[in-house]
Amino acid sequence: KRAHLTIDPHFVVGRVQRRLFGSFVEHLGRCVYDGIYEPGHPNADPDGYRSDVIELVRELGVSAIRYPGGNFVSGYRWEDGVGPRDERPRRLDLAWHSTETNEVGLDEFASWLRKVGSELMYAVNLGTRGVQEALDVLEYANIRSGTTLSDRRVANGSPEPHDIRMWCLGNEMDGPWQLGHGTAEEYGRLASKTARAMRQVDPELELVACGSSSAHMPTFGHWERTVLEETYDDVDYISCHAYYEPKGGDYGSFLASGVDMDRFIDSVVATADHVKSARGSEKTMYISFDEWNVWYQSRYNEVDRITDVAEWPVAPRLLEDVYSVVDAVVFGSLLISLIRHADRVTSASLAQLVNVIAPIMTEPGGPAWRQTTFFPFSVTSALAKGDTLELKLDCPTYSTALYGEVPLVDAVATYEPATGETAVFLVNRSLDEEVSLEIDTSILDGLTVRSFQTLSDEDIHAVNTLEVQDRVRLRDNDSARTTEGAVTVTLPPVSWSALTLA
Ligand code: AHR
């Protein structure tokens, strides 16, 4: 198969924001406990954090990290996680039928973030709590000193304020499974009141209202419109969440998941812009795509949940999906979709980071390793700089059961005007045929190929595991040929690739 792509740096979609490469740490399963925090592990630092995990998180290149949930946050009391550890309560975590020990809380997480060099994005509980508790945690976290709660933080060993800029107003409040779930009107009113109160403390905070937990929710569209009608002047972002998995062995549709993500984003933009024009507002609403990934949710739903509260475990193995090559290719395509919408999606969080639907896995007392999805993320985070370019892509299409006729190739390019550095991210969705792609670079005078790497495998179900940790990795693709004004590359079937030119 053949395809043709034209790159022209004059056609700019928007600036790629670093916050697009964010992630998410929830008190869920072994993400925090036995994930980032494992005192007693041979690699634990004096604070109990695994240094091997810190190294991998740095290598992954994550910007802001959303915390502490997720569904967990809708029943969480932030005060439980601060102060002397031996006085912290053990609580029932209703979201995940687990026991929360509260050994790690806001101050510990902020100190871990300083070690990994990432920013904190904090979610407040608008499920079982409201305006006052959001104000309290804001005071505790961001006020330097001189008030009861800020002085408590100082006394707890964090003299500097955490200075959290980005705050999520609850989590997935459209979902009937969410503690405190209500109607869009109810949530919108509460989010507006909370946002206004928080802005009385600091007008510069960046606030995210909950959008839909999936584009396939029955309330999708109505939820966004109603919530934005209530909150438009008070918030900066509306959130999107999306997870994908192959259904019934339909890999053709699964490989086209990015098409669904594109449509999801376009719909939310259309709804936000409708509210904007109906209000005669000058303000543009941005999207925080603060949960996205491949997640085999059907496997999770098949597992019996422990219902006897006396048996709810501490840090059980939950949602520990093992990702294959095809999962990583779809994952790379989701990143392409986010970058393609750089004008409106200015923040995103890969859900999640360690052990729980994660690019990094750990074994208690044992090693930490990279899942297949680690590679598209780390490479895209390192290479996608400057502006997203509008592309002209001519390629064959194929028919899918879920999304109709879709392009065989998925592509996005970024261009840094200051240096001329250009990166092109490419996916071949074909299950059995390679694609020869000619990239017209004639307008980018004299650029040459710097690197070309591909993730693919004869076995699209190959994985990395505790036993074989580097079965799947990126490989140099030596197919790139430069002719005058063009670069031609070969994309293997079911592959994700990154090409850089300079
Ligand atoms: O990331 C796992 C869960 O998915 C989160 O807790 C929730 O927000 C979403 O439904």
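I first noted that two strands pair if DSSP finds at least two bridges between them. Helices (H or I, at least four residues) and strands (E, at least two) are DSSP runs, numbered from the N terminus.

I recorded that this is a predicted model, in which local features need pLDDT of at least 70, side-chain atom pairs count only at pLDDT 80 or more, and totals for chains, interfaces and linings use all residues. Residues are numbered from 1 along each chain as its sequence is written.

I looked up strand 20 (residues 422-428) and found 7 of its 7 residues buried. A residue is buried if 20 or more other C-beta atoms, placed from the backbone, lie within 10 Å of its own. In a regular strand the side chains alternate between the two faces of the sheet. I saw T422, V424, L426 and N428 point one way from strand 20, and A423, F425 and V427 the other way.

I then traced strand 19 (residues 409-415), which pairs with strand 20 in the antiparallel sense over 7 bridges. Here A423 is the bridge partner of T414. The hairpin of these strands has 6 residues between them, and G420 takes a positive phi near 80°.

Strand 26 (residues 495-501) also runs antiparallel to strand 20, joined by 7 bridges. In strand 26, T500 stands opposite A423.

**Helix 11**

I checked helix 11 (residues 374-383) and found 9 of its 10 residues buried. Among them are F374, F375, F377 and L383.

**The ligand**

I listed the residues surrounding the ligand, including E26, N171, E172 and E291.

Conventions: A residue is near a molecule or strand if its C-beta atom, placed from the backbone, lies within 6 Å of it. A residue is buried if 20 or more other C-beta atoms lie within 10 Å of its own, exposed if 12 or fewer, and partly exposed in between; C-beta atoms are placed from the backbone.
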